[in-house]
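Please keep the sequence and the coordinates at hand while reading.

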Amino acid sequence: MGASVFGGVVMARARRLLVQMLAVLVAAGFLILGGPGAPRADAAVTACSGRLVKTVKFSTGELRVYKKRQYACALTVAKKPGARRAMSVSIQPRGGRAAVDVGAFTRQAGPVTVYALNRCVRASGTVAGRGGSTGWILC
């Protein structure tokens, strides 16, 4: 009789451990798949921090420019992500060198960031040969 009681205790502990592991897996899956604080789909593309100050839309995508304290950041996002295609983004502070990202990407080019404290900046971006630019902004 003592052996069956011992076996029952072991089985109860095993069941409790199994339930705890299952609870942890469910919680982890909930957080991964979109629990509280999950980013929105359009926010997942954004890699620049700060506030969005300018959006330039064109037929194949859009150019986004962000500002945070003394830095400006830009990225080009394809309208329809998928196949690799030529994309570029550049941002230049007035009187400074441009930061550029050029290549074959599926979703976005960039982000590129420049120091822009008390400086105007201009940005441009292209997706598959079509593009747009801002002119001088943040002056």
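Read from the N terminus onward, the elements of the protein chain follow the order α-α-β-β-β-β-β-β-β-β, which amounts to 2 helices and 8 strands. The model is a predicted one, and the values below are computed from it.

- The protein chain has 139 residues, of which 29% count as buried.
- Its accessible surface comes to about 9100 Å², and 60% of that area belongs to carbon and sulfur atoms.
- When contacts in the protein chain between residues at least 6 apart in sequence are considered, 46% of them join residues at least 24 apart.

**The aromatic pair and the surface around it**

- The structure holds 1 aromatic pair, in which the rings of Tyr71 and Tyr115 have centres 5.6 Å apart and planes at 75°; because planes over 60 degrees apart count as edge-to-face, the pair is placed in that class.
- Tyr71 belongs to strand S3 (residues 71-78) and Tyr115 to strand S6 (residues 108-115), so the pair ties together parts of the chain that are 44 residues apart in sequence.
- Tyr71 has a relative accessible area of 40% and is therefore partly exposed, while Tyr115, with a relative accessible area of 41%, is likewise partly exposed.
- Both tyrosines also take part in a nonpolar patch on the surface, which Tyr71, Tyr115 and Leu117 form with about 300 Å² of accessible area together.

**A charge over a ring**

- Elsewhere in the list of side-chain features, the charged end of Arg94 sits over the ring of Trp136, at a distance of 4.3 Å from the centre of that ring.

**Pro111 and its cis peptide bond**

- The peptide bond that leads from Gly110 to Pro111 is cis, with an omega near 15°, and Pro111 itself has its place in strand S6.
- If its neighbours within four places in sequence are left aside, Pro111 is in contact with Ala47, Cys48, Cys73, Ala74 and Leu75.
- Pro111 and Arg64 are 47 residues apart in sequence, and their C-alpha atoms are 9.5 Å apart in space.

**Positive phi outside glycine**

- Arg69 is not a glycine, yet its phi is positive, at about 50°; this residue lies in the loop between strand S2 (61-68) and S3.
- The relative accessibility of Arg69 is 71%, so Arg69 counts as exposed.
- Asn118, which is also a residue other than glycine, has a positive phi near 55°, and its place is in the loop between S6 and strand S7 (121-127).
- Asn118 has a relative accessible area of 78% and is therefore exposed.

Notes:
Residues numbered from 1 in each chain as written. Predicted model: local features only at pLDDT ≥ 70, side-chain atom pairs only at ≥ 80, totals over all residues. Heavy atoms only, no water. Phe/Tyr/Trp six-rings, centres within 6.5 Å; stacked < 30°, edge-to-face > 60°. Helix = DSSP H or I, 4+ residues; strand = E, 2+ residues; numbered from the N terminus. Buried < 20%, exposed > 50% of the residue type's maximum accessible area, 1.4 Å probe, protein only. Lys NZ or Arg CZ within 6 Å of the ring centre and 35° of its normal. Patch = residues over 30% accessible without salt bridge, like charges linked within 9 Å, V, L, I, M, F, W, Y side chains within 5 Å. Areas by Shrake-Rupley, 256 points an atom, 1.4 Å probe, with all protein chains shown as cover. Salt bridge = Lys/Arg side-chain N within 4 Å of Asp/Glu carboxyl O. Contact = heavy atoms within 4.5 Å.
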